[in-house]
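Have a look at the sequence and the structure first, and then we'll go through the strands and the domains.

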Amino acid sequence: MRRRPGLSEEVAGHLRHLIMSGTIRPGEFIRMDETAVELEVSVTPVREALLTLRGEGMVNLVPHRGYVVADLTRQDVADIFWLQSVLAVELAVRTASTITSAELDRLAELNEALQDALAAGRVSEIVSAEFEFHRVHNRIANGDKLAWFLLNATRYTPQELYANDPQWGQVAYDSHLKLIDAYRRGDRDEVVEQTRRQFTDGAERLMRHLESIGLWSDDADNAAAPG
């Protein structure tokens, strides 16, 4: 990475993905110099990124030792996806009242672009196609501030983890089809159901992944079910 405006946020996004996917785990230290070398940046944007993540509660500063990854519990994951779902459902309900046939056709085109990326197995294109579908969808609601809050909440979703899961890709594509169909039929209840399912599925998949790599013990304090 070269130094450019927003570089510290790119570094923060990279580190968020590593933390949320369990690649770096609670209790592990993030070394600024090593991270800078890995990402081919100076230490400055790494330091800025860690300050951002500290403000988000994702890392803690240990005096004289550096930044350590904070605890990530099942409840944390459930809370993240619950918040995303609440915001997304509100946007979807508003969209149901205003969406046009042309906008539905555009969403269908974007969903086919996602299917093409899935068929080719190109992870970066899958991430981009999924992002573009939801970006266009969320703008239809004319709730820019709400969409901004949702965008920020989804920063904690490890998109590349999902994009590498072919089963997730098919579920996402099928869910988009059902959502578009519900909009066409004016079925607001189904719009809400399909929107919620996307986040319930996302939470369940991430929890299963983190459990499979041994991130959590069987401590009851960590137990939580997706909302």
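Which residue in β3 does V59 stand opposite? V59 faces V69 in β3.

Before going on, a word about what you're looking at. This is a predicted model, where local features need pLDDT of at least 70, side-chain atom pairs count only at pLDDT 80 or more, and totals for chains, interfaces and linings use all residues. Residues are numbered from 1 along each chain as its sequence is written, and side-chain values use heavy atoms, with hydrogens and water left out.

**The sheet**

Three strands make an open sheet in the order β1-β3-β2, and the pairing is antiparallel. Because β1 (29-30) and β2 (59-62) sit at the edges with a single partner strand each, one side of each has no neighbour in the sheet. Strands here are DSSP runs of E, at least two residues long, and helices are runs of H or I of at least four, numbered from the N terminus. Two strands pair if DSSP finds at least two bridges between them.

Here are the two pairings:

| Strand pair | Direction | Bridges |
|---|---|---|
| β1 and β3 (residues 66-69) | antiparallel | two bridges |
| β2 and β3 | antiparallel | four bridges |

The chain splits into domain 1 (6-67) and domain 2 (72-211), with bounds from an automatic or database domain assignment. Their centres, taken over C-alpha atoms, are 27 Å apart. Domain 1 brings 10 residues to the contact and domain 2 brings 11, where contact means heavy atoms within 4.5 Å.

About 860 Å² is buried between the domains, and carbon and sulfur atoms give 66% of that. Buried area is the accessible area (1.4 Å probe) that two parts lose on being put together, summed over both.

**Salt bridges**

A salt bridge needs a side-chain nitrogen of Lys or Arg within 4 Å of a carboxyl oxygen of Asp or Glu. By this rule the count comes to 15, and between domain 1 and domain 2 there are two. E56 forms a salt bridge with R155, with the closest N and O atoms 3.4 Å apart.
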